[in-house]
4 protein chains.
Amino acid sequence: MAAVLDTSRLEAFSDGVLAIIITIMVLELKVPHGTTLAALTPLAPVFASYVLSFVYLGIYWNNHHHMLHVTHAVDGVVLWANLHLLFWLSLVPFVTAWMGENHFAPAPTATYGFVLLMAAVAYELLQRRLILIQGEDSLLARAIGRDWKGTVSPLLYVVAIPAAFISQWIAGALYVTVALIWLVPDRRIERALAAQSG
Amino acid sequence: MAAVLDTSRLEAFSDGVLAIIITIMVLELKVPHGTTLAALTPLAPVFASYVLSFVYLGIYWNNHHHMLHVTHAVDGVVLWANLHLLFWLSLVPFVTAWMGENHFAPAPTATYGFVLLMAAVAYELLQRRLILIQGEDSLLARAIGRDWKGTVSPLLYVVAIPAAFISQWIAGALYVTVALIWLVPDRRIERALAAQSG
Amino acid sequence: MAAVLDTSRLEAFSDGVLAIIITIMVLELKVPHGTTLAALTPLAPVFASYVLSFVYLGIYWNNHHHMLHVTHAVDGVVLWANLHLLFWLSLVPFVTAWMGENHFAPAPTATYGFVLLMAAVAYELLQRRLILIQGEDSLLARAIGRDWKGTVSPLLYVVAIPAAFISQWIAGALYVTVALIWLVPDRRIERALAAQSG
Amino acid sequence: MAAVLDTSRLEAFSDGVLAIIITIMVLELKVPHGTTLAALTPLAPVFASYVLSFVYLGIYWNNHHHMLHVTHAVDGVVLWANLHLLFWLSLVPFVTAWMGENHFAPAPTATYGFVLLMAAVAYELLQRRLILIQGEDSLLARAIGRDWKGTVSPLLYVVAIPAAFISQWIAGALYVTVALIWLVPDRRIERALAAQSG
């Protein structure tokens, strides 16, 4: 198991893909035909789903940034674990548009949660592989620690997906809850870094 | 408050998003059906709004470049302040297309100004956070100084937004004025750098 | 023959193009009109072809990453050999969409294989030029070695292209086989690096 | 005149924009409705114009890469000269599509030449500014030297633009000629580098 590749190109490629995903989502905000402010009203659910997905992708970029910042070597498995994460995130514009254009209808809203769930699983797999390479005593391993956010988020998605068929508002509220949980950047890593240099 | 992340990935990600935003705007320049030069005439307002937005995004990239150039450390709050800025800028292609396709109709022109205003506010918040981290004695703080441009621009937007409903030409002229004010790159930072090394 | 340019901008540009190619493919996943899970069913072939192409582009990025990692200097010919590779890869979204939307019809499926074949040839040309510059004793040359994968893949494409007109499933199975062959990252380079540093 | 900014972010941003321009052009290759190879025939002019523009953008990236490689400092004027170049290049997908979809009709073909001309002028302006900053004795100034290519290319465009209204084949032949002139990478810079290190 040769962990001999550096992280810079992995970060650059991930940044590129995330930047594109986050930006092409806005293409779903179709220019309205009318020229009054009222013409924007039908766009409200599309806009709301755009904001939600923008925040989610921002969270992923943010956490990815923090995680790779304390990673010094990667191997081929990491490259694929990272591509696996990017694959699920690449589906976010699709499910965002489907959910937004259909006013958070049950199936699209559940599918949105499914893609979020798979992305969360992919992130967890990537994180575990990185810890395996860096070692249990590494800065990364200590920074991640118990990782209650990483444990709770998939559980909330698992609740939200069937809940979408009962009421899309429950599912939506759960997605917003997970986003809020993560919105605070991952201070664990910053603290671990500060502790090390302090 | 741990300002321990370096700026390179923040710059790379912002460059990626700005590069994509500036480029996908051109997708709104729909290929005309005719094959004469006259077929380009109806595209004139779309083209004019494209040029204006290209210049605005160029200004943001330029100032962002200068600002980060004298920044040595960022923290999680900066990452989110930066994403907040990118969010408003990501809406520029949408409002540009809406304004251009409708020949600078009042509501789209006002909405364009609103997005510019929010981007200006987001830039100011990002700048303040960076100064807070770098310190009041930092190169950045000294380079920014009084920041009359940063104070005047939002005021001009606030005037332009209601003015669009009276005459879109007033609003348009104000947007062009703000662009011209900023078109000169931020010499303050270059001067501060020259003074330091001189 | 002056091999005096460094590889960083070549990598950055390639990362950018590959990131965009891999991401715009998802735009072909058109949002379905229905709001039931059944509305996703007609998307199955489009989705399957997306997954296949995502994996292929991931393989190219992965191998490109590994190859450039042990390359220290490039020249103008390499820049063009790299652009030639990116050209064929840029056609992947087009043939992916054509194949997926037509449920793997013979001609689109054969054309897909043709583009993969040309990309494989372009990759081989790039690799040879890099080995020529680095020298036969270089880390790259030793890492690549016999390169049975590089020899077998084009042969399988050459079989798959006419086979698509007999049965698209044979062609599809061959494309999946090539992907599986490469899915394991190029351990040769990692081993060569480990041997060197060991 | 403070030439105090480094070139890395300028290169990264330019790479990003060029990568996106080169890639979104392929979106104009609309998936054909038929499923036979014959269905690809109507795409021939679109494909031909795509290849031509891909090569042109490759040339610009290549030369930009070489030019910035021997540049060590940039200033605010350079940032804008570079954005000016990117602006004209950003119009390439638009004119490529207009020309390709209309089988090289006179006006679109002339407009294509006009955009190429403006890009060539913008490149020349950028180059002059860089030489001014680096100095007449700089590696860049010596490498560029007489720059006959830079002189001849705009002249050929100036001939091609009116010629397109007489025969689009003359214009097309001239565009291909300019591309071939530049297709050889800018050995002047590689030679100057080799001479310096030799």
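Guide: This is a predicted model. Start with one pair: E11(A) forms a salt bridge with R9(B). Their closest N and O atoms lie 3.5 Å apart.

Visitor: Why does that pair count as a salt bridge?
Guide: The rule asks for a Lys or Arg side-chain nitrogen within 4 Å of an Asp or Glu carboxyl oxygen. The closest N and O atoms of E11(A) and R9(B) are 3.5 Å apart, so the pair passes.

Visitor: How many salt bridges does the rule find across the interface of chain A and chain B?
Guide: Two. For polar contacts, the count between the chains is five residue pairs, both residues at pLDDT 80 or more.

Visitor: Which elements of chain A give two or more residues to the side that touches chain B?
Guide: They are α1 (8-24), α2 (44-69) and α9 (187-197). α2(A) gives the most, with 14 residues. By residue type, that side of chain A splits into 25 nonpolar, twelve polar and five charged.

Visitor: What area is buried between chain A and chain B?
Guide: About 3,200 Å², with carbon and sulfur atoms giving 76% of it. The contact takes 42 residues from chain A and 33 from chain B.

Visitor: And confidence?
Guide: Take the complex, then the chain, then its elements. The predictor gives an ipTM of 0.88 and a pTM of 0.90. Chain A averages a pLDDT of 88, and 90% of its residues score at least 70.

Visitor: Which element of chain A has the lowest mean pLDDT?
Guide: α9(A), at 66. Helix α4 (residues 92-101) of chain A has the highest, 95. Where pLDDT is low, predicted coordinates should not be read in detail.

Notes
Residues numbered from 1 in each chain as written. Chains lettered and ligands numbered in written order. Heavy atoms only, no water. Contact = heavy atoms within 4.5 Å. Buried area = accessible area lost by both parts, 1.4 Å probe. Polar contact = N/O pair within 3.5 Å; in protein donor to acceptor, adjacent residues only side chain to side chain. Helix = DSSP H or I, 4+ residues; strand = E, 2+ residues; numbered from the N terminus. Nonpolar A, V, L, I, M, F, W, Y, C, P; charged D, E, K, R; others polar. pLDDT = per-residue confidence, 0-100.
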